Amino acid sequence: MFSINGSSSLNGSLYGVSKSLTQSTQRKLRAPAVVVAAAASSNRDGGVVLMENGLKETIENAPSKSPSVIEKDSKSTVGGGVEDVYGEDSATEDQYVTPWTVTVASGYPLLRDPHYNKGLAFNEKERDAHFLRGLLPPVVASQDLQVKKMMANVRQYQVPLQRYMAMMDLQERNERLFYKLLIDNVEELLPVVYTPTVGEACQKYGSIFRQPQGLFISLKEKGKILEVLKNWPEKNIQVIVVTDGERILGLGDLGCQGMGIPVGKLSLYTALGGIRPSACLPVTIDVGTNNEQLLNDEFYIGLKRKRATGQEYAELLDEFMCAVKQNYGEKVLVQFEDFANHNAFDLLAKYGSTHLVFNDDIQGTASVVLAGLMSSLKLVGGTLAEHSFLFLGAGEAGTGIAELIALEISKQTGAPLEEARKKIWLVDSKGLIVRSRMDSLQHFKRPWAHEHEPVKNLLDAVKVIKPTVLIGSSGAGRTFTKEVVQAMASYNEKPVILALSNPTSQSECTAEEAYTWSEGRTIFASGSPFGPVEYNGKFYPSGQANNAYIFPGLGLGLIISGAIRVHDDMLLAASEALAAQVSQENLEKGLIYPPFANIRKISAHIAAKVAAKAYELGLATRLPQPENLVEYAESCMYSPNYRNYR
């Protein structure tokens, strides 16, 4: 059996061959009698499988001559005496030719396969067995040496986008080396492969696009989405990250160019959570864009039309969700990413009871922020219920965080959820959300409309609410002004300030501003990374409330337990697990999150807590429950180390 353009040939029966080839006998094409090929397997981790198959009988038994094909003697050759075996050079431009792609497990094709390529790390035995002699320089390099060399190369680039492109190029040619590099240097490379650099990459995706790394499903595919999913070469998919590109980070509508987000997220699922790359599927739903700049851009790669809305949009998304479940089963995790507010909440509510779905902007952000708040209590004292919270931003992230905080307060105190919500206040573009605005509020803002006189801006809200915790999720840069931070510091010995918006340009304030304006007293974390800050001769490290702490471990926990639904208690369990990983040494430095250097260990502990909660709630299907879930989670993690080939 060998693979031809994604199809298979068994016992001499060939599928996927174009009509112009199969109907032609005048050429009497003579294909190689034996082709040594890599089997098209959905599980590439098992190594290269060598198999044989003859094409000669298929070609010789082809039907009678087709008038659409030029009659040509089979001995005729093209440039340099090379026989035109597949008829590509002899066909006119209006005739069809077969796009033959035979993955041969030797020589150049093996070196061009990112799943199996090891570059200079092929040993002497492998070079002989797979016909690589002469195709590689004589030196045999270890994977560790390759990592060292690649890091030196990446560091030579001064522009972040160049580093991003270098990493993507590596992923496309040597998958295991890419993940080895990312895992071993996660703190340095995380900002390169994801936020903030991925934001710029999405903005320029049309210009830097080279080859697809996921599925593009547009309105053109309506009614055929199941067929589109089957075009993806991997069949055992466990995690899908999907976006419609309408609200990419804090950058707005980037349409089809939002594909950089699912690709980046799934790279982190593998590097940080240990999900096999072959089990990950990035998807962009292209329903158009309202970004005029993109619509007028000749290099834009998406549909050049205004966004679909209403029934047209809902029908396409529903077809996608049904096709996913039909093709991959009940336990495939679908993560919604960077959908606009008006769709994000509706999709989560609609499919939360029928599919295994998760919205990282709403639930992932909430979980990681709650973990940071739990850690900060060890520095400021008290319980969650004894603190008051003020949000700038009442969209997906803001309301999602607020709801999870309220759930945790309710869980700790036994108070009704409605009562717990009264400790939390939100400010949107029109000011403080209060009950007198109820009629004009979107449905997801209404639970946060409390009795209070109207307040028009954030500074005035800080002065009247006097919160102990200030959280920014507005996507509006530099909105935590000097006056706001100083007001927080005047009411609190150690104010907790979280500037969560991404990318860096949209952060509500910088780490330097927060520490300087609070005279070094604030407990600070941000969504985008900032370097350490020196104030009055003391260095203050900047913590990052990055969703990457949560979603890889959460996803791993759902997979290893065979969970069929995501429950709020799983998010609370993930927050508690992350907070437990913050050491006393971290706290003494003012950090409320653990260092990313230990992220795979952290993800294993989060996965274990999430899986345990799935078993407790009766939502797990993988039975019996393992005795030690942490060890089991670690054993299930993908390793990027090279495999030995036969």
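Predicted model: local features only at pLDDT ≥ 70, side-chain atom pairs only at ≥ 80, totals over all residues.
Reader: Which residues have the most contacts inside the largest nonpolar core?

Author: This core has 115 residues. Its largest share, 10 residues, comes from helix 25 (residues 599-616). The residues with the most contacts inside the core are Leu373, Ile405 and Ile471.

Reader: Leaving aside neighbours within four places in sequence, which residues is Ile405 in contact with?

Author: Contact requires heavy atoms within 4.5 Å. With neighbours within four places in sequence left aside, the residues in contact with Ile405 are Leu370, Leu373, Phe389, Phe391, Ile424 and Ile471.

Reader: Are the residues of strand 10 that point either way buried or exposed?

Author: In a regular strand, side chains alternate between the two faces of the sheet. In strand 10, Cys280, Pro282, Thr284 and Asp286 point one way, and Leu281, Val283 and Ile285 point the other way. Buried means under 20% relative accessible area. The residues on both sides of strand 10 are all buried.

Reader: Which residue of strand 10 is the bridge partner of Ile217?

Author: Strand 8 (residues 215-218) and strand 10 run parallel and are joined by four bridges. Strand 9 (residues 239-243) also pairs with strand 10 in the parallel sense, over five bridges, and there Thr243 stands opposite Thr284. For Ile217, the bridge partner in strand 10 is Ile285.

Reader: How many charged residues does the lining of the second largest pocket have?

Author: This pocket has a volume of about 790 Å³ and is lined by 39 residues. Arg247, Ala397, Ser473, Ser474 and Gly475 lie nearest its centre. By class, the lining has 10 nonpolar and 18 polar residues, and the charged residues number 11.

Conventions
Residues numbered from 1 in each chain as written. Heavy atoms only, no water. Core = buried A, V, L, I, M, F, W, Y, C linked by side-chain atoms within 4.5 Å. Buried < 20%, exposed > 50% of the residue type's maximum accessible area, 1.4 Å probe, protein only. Helix = DSSP H or I, 4+ residues; strand = E, 2+ residues; numbered from the N terminus. 1 Å grid on protein atoms, 1.4 Å probe; cavity = no way out; pocket = protein on both sides within 12 Å on 5 of 7 lines; lining within 4 Å. Points joined across faces, edges and corners; volume = space filled by probe spheres on them. Nonpolar A, V, L, I, M, F, W, Y, C, P; charged D, E, K, R; others polar. Pairing = 2+ DSSP bridges.
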